[in-house]
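Please give me a short briefing on this protein.

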Amino acid sequence: MKARLSQSFLFLAFIILIAPLQATDTFKEEQTMFGRAVRASQNFCYQVMAKTFWDPLMRGFKPGRVIAITELDIQPDDKVLFVGEGTGLDFEVLPEDLNKTNLQAFDFSPEMVKQAKLKAHQFNIPEENIFIGDAQHLPFKDERFDKIYFPLSLASIPNPTLALQEAERVLEKKGRVVIMEKLIDDGHQPSYLRQLLNFFTKFIFADINRNLTQMLGEGSSFKIINYQSLEGKLSGFFARRIGASYRIATLVRINDFPELEAQGAKLSQKTKTD
Ligand SMILES: C[S@@+](CC[C@H](N)C(=O)[O-])C[C@H]1O[C@@H](n2cnc3c(N)ncnc32)[C@H](O)[C@@H]1O
């Protein structure tokens, strides 16, 4: 009994000590052993979740997906890229008049891609447009897409800065990027409890403590032109409870729109991030 107590104590102490260390301020985690373990565990979890409970669990995010797709402002002939598409839950909220042959969607998890391919048939999306890929190394030439969407994927990508740089590279002039994600707002710090929780969530599905301005980094030409909270906007038991942590951000290259005054990643209304 005593041995078990001291083992539990040591484990807790280890977690408490390591929590601040694994905060993602450089996103170079994948090069470390810790990062590789996180990655392997997360991949395994996504493989399992894709074929079991992912779709029912995420059903309540549909209103968020509608807002995100509306923000993308997709025109019928736009070339669209979905990054980390998962099982394809966004397909059903695409505008009906979109030329679906111009949509490309990919994910790192083979099982997620398998499920998305099954859904693609339903929505007349060519199966070959859904593929396994890595957001950090896109297999496309520069300025290839008018609209790029990260549906709840940026927090799972090991190096989100690299993924955003790739998005910037393949984005057509005057294109836009929309991100739906759990984010820490500028000027806020995750609570210690949230940092602790992050230790576990990273191994299962995502880093829950990322900040968009930090992920963009200093060299980015992206500016955030819209940033909104999903608090009170999601449906269902699960999504409604966690909706307050989620944001939808719209990015453009500011050089493409000199008339736009970037408003920065600050919410005018008070938001709850924990
Ligand atoms: C939280 S899930 C979201 C899935 C789906 N977009 C949705 O909204 O239901 C995050 C997804 O990002 C994918 N992912 C993680 N790292 C990735 C990478 N480097 N490139 C592409 N997808 C990645 C995962 O496999 C997973 O499917």
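## A residue to start from

Tyr246 touches Gly64, Met180, Glu181, Lys182 and Leu230, leaving out residues up to four places away in sequence. Two residues are in contact if their C-beta atoms, placed from the backbone, lie within 7 Å. This is a predicted model: local features need pLDDT of at least 70, side-chain atom pairs count only at pLDDT 80 or more, and totals for chains, interfaces and linings use all residues. Residues are numbered from 1 along each chain as its sequence is written.

**More on Tyr246**

- Tyr246 sits in strand β7, residues 246-253. Helices (H or I, at least four residues) and strands (E, at least two) are DSSP runs, numbered from the N terminus.
- Tyr246 counts as buried because it has 20 C-beta neighbours inside 10 Å. A residue is buried if 20 or more other C-beta atoms lie within 10 Å of its own, exposed if 12 or fewer, and partly exposed in between; again, C-beta atoms are placed from the backbone.
- Gly64 is 182 residues away from Tyr246 along the chain, yet their C-alpha atoms are separated by 9.1 Å.

**The whole protein**

- The protein has nine helices and seven strands.
- It has 274 residues, and 37% of them count as buried.
- Take the contacts with a separation of 6 or more: 77% of them join residues 24 or more positions apart.

**The nonpolar core**

- The largest nonpolar core has 59 residues. Such a core is a set of buried Ala, Val, Leu, Ile, Met, Phe, Trp, Tyr and Cys residues joined through C-beta atoms within 7 Å.
- Val83, Ile148, Tyr149, Val177 and Val178 touch the most other members of this core.
- Beyond its neighbours within four places in sequence, Tyr149 is in contact with Ala68, Leu72, Phe82, Val83 and Val178.

**Helix packing**

- Two packed helices are described by the angle between their axes and the distance between the axes. Axes are lines fitted to C-alpha atoms, for helices over the stretch in contact, and angles run from 0 to 180 degrees between N-to-C directions.
- Helix α2 (residues 33-51) packs against helix α5 (residues 110-122) at about 25°, with the axes 7 Å apart. α2 and α5 are therefore roughly parallel to each other. Angles under 35 degrees count as roughly parallel, over 145 as roughly antiparallel, 65 to 115 as roughly perpendicular and the rest as oblique.
- Tyr46, Gln47, Ala50 and Lys51 of α2 meet Glu111, Met112 and Gln115 of α5. The residues of this contact divide into three nonpolar, two polar and two charged. Ala, Val, Leu, Ile, Met, Phe, Trp, Tyr, Cys and Pro count as nonpolar, Asp, Glu, Lys and Arg as charged, and the others, Gly among them, as polar.
- The axes of α2 and helix α7 (residues 192-204) cross at roughly 60° and come within 6 Å. α2 and α7 are therefore oblique to each other.
- Val38, Ser41, Gln42 and Cys45 of α2 make this contact with Lys202, Phe203 and Ile204 of α7.

**The ligand shell**

- The ligand is surrounded by 20 residues, the closest being Gly84, Gly86, Phe108, Ser109 and Ala135. A residue is near a molecule or strand if its C-beta atom, placed from the backbone, lies within 6 Å of it.
- Eleven nonpolar, six polar and three charged residues form this shell.

**Positive phi in loops**

- Asp73 is not a glycine, but its phi is positive, at about 55°. Asp73 lies in the loop between α4 (62-72) and β1 (80-83).
- Asn124, in the loop between α5 and β3 (130-132), also has a positive phi, near 55°.
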